[in-house]
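Colleague: I've got a model open and I'd like to learn how to read it. Can you walk me through it, feature by feature?

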Amino acid sequence: MPLLPWQAHVITDASKVTSTGAWASRMIGVTVARQNGKTHLVRMRILAGLFLWGERSIIAMSQNRMLSLETFRQVVHIIDENAWLRNEIKRVSSTNGQEYLELKNGATYSIVAASADGPRGRTADLLYVDELRQISEHAWAAARPLTRAVKNPQTWVTSNAGDLSSTVLNSLRARALAGAKGVSWYEWSADPILNIHNKKAWQQANPALGHLISIDEIESAAATDHPDAFRTETLCLWVEVMDSPWPPEAWQSCTDPDMVLEVGRPTFGALDVSLDRRTAALVGAQVLDDGRIGIGLVDVWTGDHGIDDHRVAADIATWAKTYRARSVAYDKYTGMNVAARLTNAGITTEDMSGAGFAGACDELLAAMNHQRIAHSGQDTLTAHMYSCARKPAADGGWRIVRRGSSGPIAAAVATVMCHHLAAKPYSTPTLIVV
């Protein structure tokens, strides 16, 4: 059962040992796009551990148990097809929840649940964790001790790219990139600056291209899949959230480093406060001379015990009076306290909670796709935009939501609201001299 060149490279490099016979790397990470042969690579590693290297206990786990079960069945099938392997088998159990095989020498290969209790009381010479991006912190913490009582263990993890919620995968990858001792990381991923339709990006992330995957298959996926799904599944690229409504290339294409909010232009503002009240953001929007709407993050307030409504309102009032803002939008469910103080200070405010916000989200997306907005690329504003999660509605609409997002999105919510105000047709007062 031959290996593809990329598989041979990984298994050869990952199997290096020191002068004492110990594994040179005890932690092996493999990230590559789907359908490139990760599972076959791991099957060969499991078989080698059982029949060639004398590993006594091999344990596999995955958040999706069917993945581990499918790998188990394929390993059993290979053994059944080869007499010299089959003759070493003592028993195979396929009982639901108790899948394992045992060799005559006592070595075992079994599946455990990806939970805090699943791996308890076990040890492993080889621990294999599939789809690491989906593994929870609790399951990972329970699995790691499996190899501690073993003299020469090795852990293999495989995955494709994840998002900000893939904390276990992201942490391990960061350790590998920082040069952590005993960790080897093998990753095939596209250059993030390349367009998703760039064939060079396809080649970078798919080492089995031309072997297991055809260029036509990738071309079809690029044309039909959601862009974020394509980036993750086919280009092995990290995205901020798996269901972000804002295409990163669309937001990036609207970057204008020279764009600044200036006093004298028609100006609108919007405030949003996070659900935990620890973050608030003010975003300003102006109608530029070329007709685009300029978006700028004006200020962000944070507090471990919640924001100070008095201070936030005072700061916004000062800005609104300086820029002569026509209106400041807010969501009554999060920003009512601040909005009330702004009203008392003589600032015009506008509640944008409810159904109108969904339409404003779609309005911003259309403007972004057609480059009718401009922003200077502020890091915090971009981070909040990329952290948004999209929630579809029963009527076919959608909106961004705070719950389910991968981080603070107050600046993104405020961007939606102030863009909506700035995009409305407005009339400039005319001075008539009599």
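Colleague: How do helix 2 and helix 3 pack, and how far apart are their axes?

Modeller: For packing, you compare axes, which are lines fitted to C-alpha atoms, for helices over the stretch in contact, with angles running from 0 to 180 degrees between N-to-C directions. Here helix 2 (residues 38-51) packs on helix 3 (residues 65-81) at about 60°, and the axes are 10 Å apart. Under 35 degrees counts as roughly parallel, over 145 as roughly antiparallel, 65 to 115 as roughly perpendicular, and the rest as oblique. So helix 2 and helix 3 are oblique to each other. Bear in mind that this is a predicted model: local features need pLDDT of at least 70 and side-chain atom pairs count only at pLDDT 80 or more, while totals for chains, interfaces and linings use all residues. Residues are numbered from 1 along each chain as its sequence is written, and side-chain values use heavy atoms, with hydrogens and water left out.

Colleague: And what counts as a helix or a strand?

Modeller: They are DSSP runs numbered from the N terminus: H or I of at least four residues for helices, E of at least two for strands. The chain has 15 helices and 16 strands.

Colleague: Which hand does the crossing of helix 2 and helix 3 have, left or right?

Modeller: The general idea is that a crossing is left-handed if the near helix is turned anticlockwise from the far one by less than a right angle, and right-handed if clockwise. Helix 2 passes helix 3 in a right-handed crossing. On the helix 2 side, Thr39, Arg43, Met44, Ile46, Leu47 and Phe51 make the contact (heavy atoms within 4.5 Å). Helix 3 brings Thr71, Gln74, Val75, Ile78 and Ile79. By class, that contact has seven nonpolar, three polar and one charged residues. For the classes, Ala, Val, Leu, Ile, Met, Phe, Trp, Tyr, Cys and Pro count as nonpolar, Asp, Glu, Lys and Arg as charged, and the others, Gly among them, as polar.

Colleague: At what angle do helix 1 and helix 2 pack?

Modeller: About 40°, with the axes 10 Å apart. That makes helix 1 oblique to helix 2. Their crossing is right-handed. Trp6, Gln7, Val10 and Ile11 of helix 1 meet Lys38, His40, Leu41, Met44 and Arg45 of helix 2. That contact has five nonpolar, two polar and two charged residues.

Colleague: Which residues of helix 1 are buried?

Modeller: Buried means under 20% relative accessible area, exposed means over 50%, and partly exposed is in between (1.4 Å probe, protein chains only). In helix 1 (residues 5-14), the buried ones are Trp6, Gln7, Val10, Ile11 and Ala14. They cover an arc of only 125° around the axis, so they sit on the same side of helix 1; the arc is that of the directions from the helix axis to the C-beta atoms. Pro5 and Thr12, on the other side of helix 1, are exposed.

Colleague: What covers the buried residues of helix 1?

Modeller: The cover includes strand 1 (27-31), helix 2, strand 7 (154-159) and strand 8 (183-187).

Colleague: Now loops. Is Ser25 buried or exposed?

Modeller: Ser25 lies in the loop between helix 1 and strand 1, and Ser25 is buried, with a relative accessible area of 12%. Not counting residues up to four places away in sequence, Ser25 touches Gln154, Gly182, Val183 and Ser184.

Colleague: What is the phi of Glu131?

Modeller: Positive, at about 50°, although Glu131 is not a glycine. Glu131 is in the loop between strand 6 (126-130) and helix 5 (137-143), and counts as buried at 3% relative accessibility. Cys236 has a phi near 55°, again a positive value in a residue other than glycine. Cys236 lies in the loop between helix 9 (227-233) and helix 10 (248-253), and at 1% relative accessibility Cys236 counts as buried.

Colleague: What is Val157 in contact with?

Modeller: Val157 is in strand 7 and is buried, at 2% relative accessibility. Leaving aside neighbours within four places in sequence, the contacts of Val157 include Met27, Ile28, Val129, Trp140 and Trp185.

Colleague: And how much of the whole chain is buried?

Modeller: Of its 434 residues, 50% count as buried.
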